[in-house]
4 protein chains.
Amino acid sequence: MSYSVHRGRHLLNTPGPTNVPERVLQAMVRNPMDLSDPVPLAVIESCFQDIKKIFKTEHEIFMYASNGHGAWEAALVNTMSPGDLLLVPELGNFSTGWGEMAEALQMRTETIKGDWRQAIDPEKIRERLAADTSHEIKGLLIVQTDTATSVTCDIPAIRKAIDEAGHPALLLVDTIPTLAVTDFRMDEWGVDVAVTASQKGLMMPPGLGFVAASPKALEAHKKATSQRRYWDWSLRLASESYRTFCGTSPQSQLYGLRAALDMLLEEGLENVFARHKRLATATHRCVEHWGKAGAMELNAIHAAQRADGVTTILLNEGIDGAKIRDVCRDEMQCALGGGLRNLSGRAFRIGHMGDMNEALLYGALASVEATLSYLDVPYEPGGVTKAIDYLVAERKKNRDG
Amino acid sequence: MSYSVHRGRHLLNTPGPTNVPERVLQAMVRNPMDLSDPVPLAVIESCFQDIKKIFKTEHEIFMYASNGHGAWEAALVNTMSPGDLLLVPELGNFSTGWGEMAEALQMRTETIKGDWRQAIDPEKIRERLAADTSHEIKGLLIVQTDTATSVTCDIPAIRKAIDEAGHPALLLVDTIPTLAVTDFRMDEWGVDVAVTASQKGLMMPPGLGFVAASPKALEAHKKATSQRRYWDWSLRLASESYRTFCGTSPQSQLYGLRAALDMLLEEGLENVFARHKRLATATHRCVEHWGKAGAMELNAIHAAQRADGVTTILLNEGIDGAKIRDVCRDEMQCALGGGLRNLSGRAFRIGHMGDMNEALLYGALASVEATLSYLDVPYEPGGVTKAIDYLVAERKKNRDG
Amino acid sequence: MSYSVHRGRHLLNTPGPTNVPERVLQAMVRNPMDLSDPVPLAVIESCFQDIKKIFKTEHEIFMYASNGHGAWEAALVNTMSPGDLLLVPELGNFSTGWGEMAEALQMRTETIKGDWRQAIDPEKIRERLAADTSHEIKGLLIVQTDTATSVTCDIPAIRKAIDEAGHPALLLVDTIPTLAVTDFRMDEWGVDVAVTASQKGLMMPPGLGFVAASPKALEAHKKATSQRRYWDWSLRLASESYRTFCGTSPQSQLYGLRAALDMLLEEGLENVFARHKRLATATHRCVEHWGKAGAMELNAIHAAQRADGVTTILLNEGIDGAKIRDVCRDEMQCALGGGLRNLSGRAFRIGHMGDMNEALLYGALASVEATLSYLDVPYEPGGVTKAIDYLVAERKKNRDG
Amino acid sequence: MSYSVHRGRHLLNTPGPTNVPERVLQAMVRNPMDLSDPVPLAVIESCFQDIKKIFKTEHEIFMYASNGHGAWEAALVNTMSPGDLLLVPELGNFSTGWGEMAEALQMRTETIKGDWRQAIDPEKIRERLAADTSHEIKGLLIVQTDTATSVTCDIPAIRKAIDEAGHPALLLVDTIPTLAVTDFRMDEWGVDVAVTASQKGLMMPPGLGFVAASPKALEAHKKATSQRRYWDWSLRLASESYRTFCGTSPQSQLYGLRAALDMLLEEGLENVFARHKRLATATHRCVEHWGKAGAMELNAIHAAQRADGVTTILLNEGIDGAKIRDVCRDEMQCALGGGLRNLSGRAFRIGHMGDMNEALLYGALASVEATLSYLDVPYEPGGVTKAIDYLVAERKKNRDG
């Protein structure tokens, strides 16, 4: 059977992990050095400084040898105590998941139910907080984008809702799929705790988690009685040897991070955001075209809430999203995201974040189109052409404007 | 300007160098060892054995630290003497170029003129050889595919022509763009000298040249009086220390070659050929669709002569092929081949050889389509869709058959 | 100044991180794949199976994106509850540190004081446990080797002490600096929880933590009420998607781990242990020779308790160990470990674990000898010669024997 | 058998290939780009400019996908014609080898016999040239260091001899084992053709050859009638597309070269030379100490003629140099050079050039000492100690001076 062995690079269009640039891979081809050597210490120190630029913060940064779930946990155990109540506006699988983690960590959560296709109205948040006159709610768990649903919420509007309610709850934001993808402004937006991980917009292999903490969060930390050591902020703030990491620092990944930060700062964050916006819009045009055959649609209802880093495609009843994903990956050599939890089997997701460009996106969209054709899923042919049309029109505007 | 920094892997669709698989790059991340160490010696020896399987020969192999031009030269100076006459059926830039090299090396050449869009009729070769009753012609320089024109010729038919003419000339074949792309059978087809290089079907970085030599070629070698040392076969056949290389062997590249040979043999040569054939046909369908707007066509007239590894697109007068190539590479991040010599500015070329798959080809074809649109070159939109249609139909045949 | 730029590979003789073999670095040069792709899933599964062989266990394994401190924490929060009492026989900085972590995690600890130069007598452990008739003590925190002091303890003897006391406390063992260095037999020795990390005997970059858990530990886990999610065993045992990792798996490191496990299993664990034993003994001979000048001695008093992976050299009052370490690293390009906590400034450490051989050890010992000379520290010259004498004698025995 | 699997990096102390720094390996982990892409073109152009700084020339540079033998051949066929007479002062295997190559290329050679332990007296060269009143001699083939014998000659003195004889012969110098090891000044010393290769002082894998040519050499080139194409200077000087390489440029290696040149220029050539001189002298002290037992001595008689990059050790009759080399490599994991041609079996060589430092040299010298002990070769123990003594004394001078 002539298709049995794969050749050629696989396209990676999952919403994490994302493509790791050669420059990052190169930086990781390195024998470790003594942890106290000035060379790696300077690399770590510079990463601390430059990751602040990505978060747009001047506050404190904590780095962990962990994935994003580790960073989630660090945010919680450092600022909350067992029994604390957290408000969770539901955007999809990941707001739910972060809430479940809080429950597992012996905190309590209250969910503002969502429909997984649009963001929670900030007014509902304001109302709930205003009603909490005893300030039982200690924090809000917000995912800027839920990668399961591709729905993005409006952080400044949520900040405004909290302020209007005059509520002291901490604003904790998961920027795992948005940092270095979509604009995020920790300080300007009054975010108290921001969480991210290495394997999405930061273009790194998984294995590093980051938490940024505002002075208010650090204040709350002092009173928070959760059990913690590995994630503990106090230990790091107090001790030189623990300042960077609790235990051995993951040197290879830090060399890679250094390269990734260089790349982002060279491109310029505004250009990074604009690039992702274009790729997302091209994907939307393509999917809307396929959807004319009536079998699929963009999951995020409102254009303004559609994520720049990932697109969730909602399928009609009877169409097997898991099959689409499997065939696209195993036959077409293009990896997609699957439907998660409520959307399991009913959706698939195209990631377009990180080290991504138009040529690679075309390859991915065409691979999906080929998969739909191969599986006899109803679709309007020519989605890729629509993506080309949009991206070329943008380029012409840029050239001629 | 938001497009100023490139992100994401560039697509490499030149007809050499081609993509180097991660497995090959990995193999080259290695500090050298002593040249006499059994480890690298065993790697080199195994490469000698396995490259024979790719050439489908049991004859002698010579490897050079060089590029393809070096291998061309090695073939000539080892079998020819100054003043010797070589017959060069013209397929395009590379048959011409090999002939020019022979002239520079003080041999003489006689060209059977071609039109750069089809192969020379073997009957013409037979006639010319039959007329050479004094056997002045010492060899034929044949490129199996000329990558400038994408025209492929029929080696067994040429062998037959030589045999029918009863002529003793050596048959020298350039398989640089065809080895591990299109079937080539050195021994079965009676080829005397076959030449290739590392950076095409062999999926390696440039820097290794190969020559395979039949017993008849080795016999001719003994009488050939060209100046030579670096390329000299006798030295290698006579001396243990020179057996593998004249001087230091290029170890990193040999580790890479070992990995590349493993990949080819695991996939199976017949599967490798079938994959390239499918990718080529998909490209042809796409280009033929674009061409409906009347501005371009496949350069190779006869379907049977179209190369499996590269497709040359001939443009109408007034369309600037160099511009297409530059914009596709510099803006769209997809590198193509340009028009060479007679075709300079009048053509561009899409490479689809080596570590290539359907997803990557879609990305390249869409990038070209975007370029045509961006430059307002007349084309029928939807070429990529045609490529998808063809490749999915092939997959369905395979699945259902 | 002609010494200002370093050239040539640095020697890495810290007791972690250790040298990462090229084969491991190569394996990590890889773009990530979809987390659900069968290729990385199979790699992860095989790592789970093979790491068991290294722990010599058939019990459960948990892998974490973390360093060794993370693995420490995972061991504690999965088996203990706030307020639980842990017995900590003091071997040095790391038994103390693990105990401090337990305290920070709201457990209680009781230390059996040691002198940092010899292991705690198992009889003292037996006595203390026998006295604990109410079984208040829930676990023992044992470091097989304390890398700060290079003192190694006798795990089977400790097991025997627990059994003789008829005490139900769990036996938790830190094998971070001993796994794949010195023999460790989880199941045979009745260890309940074993902890390790990637950057020592496993020859990997830092960033992976491992915990092995016996059925008894899994039973204790069910009743342990510590807050936990990232480290939680139940979640992993219950859920397919969490089985391997809580969140995104650190794919690059898992490819590297696969290569490292291959190397260890190819060498054979018994050979790995014998190699480390020889390197350790050679280091001891060298240090004992230097010490004839009266300024330094091996920190571990009893030969049988000296670690196979690291050697701590205790310095006379007035000799600055930190200076020795700094000069050896910054001038001589050989990184050593420093004195920790009680030994701060009074000791330095030579690591000889992981991807280490005689030639590299000679380089390190000679670099230390050069440093002693450069700093005018009293030492008997010729330590390296003693190391050579010992290692050659061993080789001759092996050859002739 | 516990020694059966090697672990830990092998020491590479052959006089080429030499250690490739991680920074160079990293730079080579890169998918190729289009040959016409501005990115690789800029890299190539910058290499042309910076390699001139290493040769200390402002003249023309030619780079080849080849090894050093290729560069030798390029030097000959570009400046000489069949029948031309070349004068070859014999320093050892490599001056002889270059001469043999010239003979194979149909030139004639005349050797000034040497004893392989000292350089030819320039006066002898002057005499021979002065006697050649018809200027039959067209060039001198000079190896700055012969790596077989470790004898270095005095290029300015040879230039002076030529000038005093008033002879027009070209001065061709092989700097393969000396460039970026020992001072070489192409322009100031009046060298006409300088040849080098990538795998020694340039710290690259083998596979690149370099030739620098003075205006006088370019003038001679015009009249030289040797057969040539791959090596041809005219083609490159005349044609933009051939300017850099005849055919496809070896991109991976050029990225590596870029990194290596950066490293050399950052260290500063004078520091590079001083470092090599120190390492060489330390090696001499060590060998002289071993030699006190009467079984071996430094091959190069005169201290001033001893090479900075390699040390040849001459063994007494009855001592098997090949065995020493084999055991040191296969058992001790330290690769040495062997005795060549006249010295076959009677010598071994320790390379100390390129990416080399004191720590690595100590490891190598100790490995040799262990080998001598293991094989019961008579030697005075403690050679490494002598090397330490010397290098520490130098460091103290530098510190205190």
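Reply:

**The sheet and its helices**

Helix α11 (residues 321–330) of chain B lies across β12, β13 (334–338) and β14 of chain B, and α11(B) runs at about 160° to β13(B). Touching here means that the C-beta atoms of two residues, placed from the backbone, lie within 7 Å. Angles run from 0 to 180 degrees between N-to-C directions, with axes as lines fitted to C-alpha atoms, for helices over the stretch in contact. Helices (H or I, at least four residues) and strands (E, at least two) are DSSP runs numbered from the N terminus.

A word on the source: this is a predicted model, in which local features need pLDDT of at least 70 and side-chain atom pairs count only at pLDDT 80 or more, while totals for chains, interfaces and linings use all residues. Residues are numbered from 1 along each chain as its sequence is written, and chains are lettered from A and ligands numbered from 1 in the order in which they are written.

Now the sheet itself. In chain B, five strands form an open sheet in the order β1-β13-β14-β12-β11, with mixed pairing. Its edge strands are β1 (11–13) and β11 (296–298) of chain B, each of which pairs on one side only. From one strand to the next, the twist averages 30°. Two strands count as paired if DSSP finds at least two bridges between them.

Further in, β12 (residues 310–315) and β14 (residues 347–351) of chain B pair in the antiparallel sense over five bridges.

For a look at a loop, turn to chain C. S344(C) is found between β13 (334–338) and β14 (347–351) of that chain. S344(C) is partly exposed, because 13 other C-beta atoms lie within 10 Å; on this scale 20 or more such atoms within 10 Å make a residue buried, 12 or fewer make it exposed, and partly exposed is in between, with C-beta atoms placed from the backbone.
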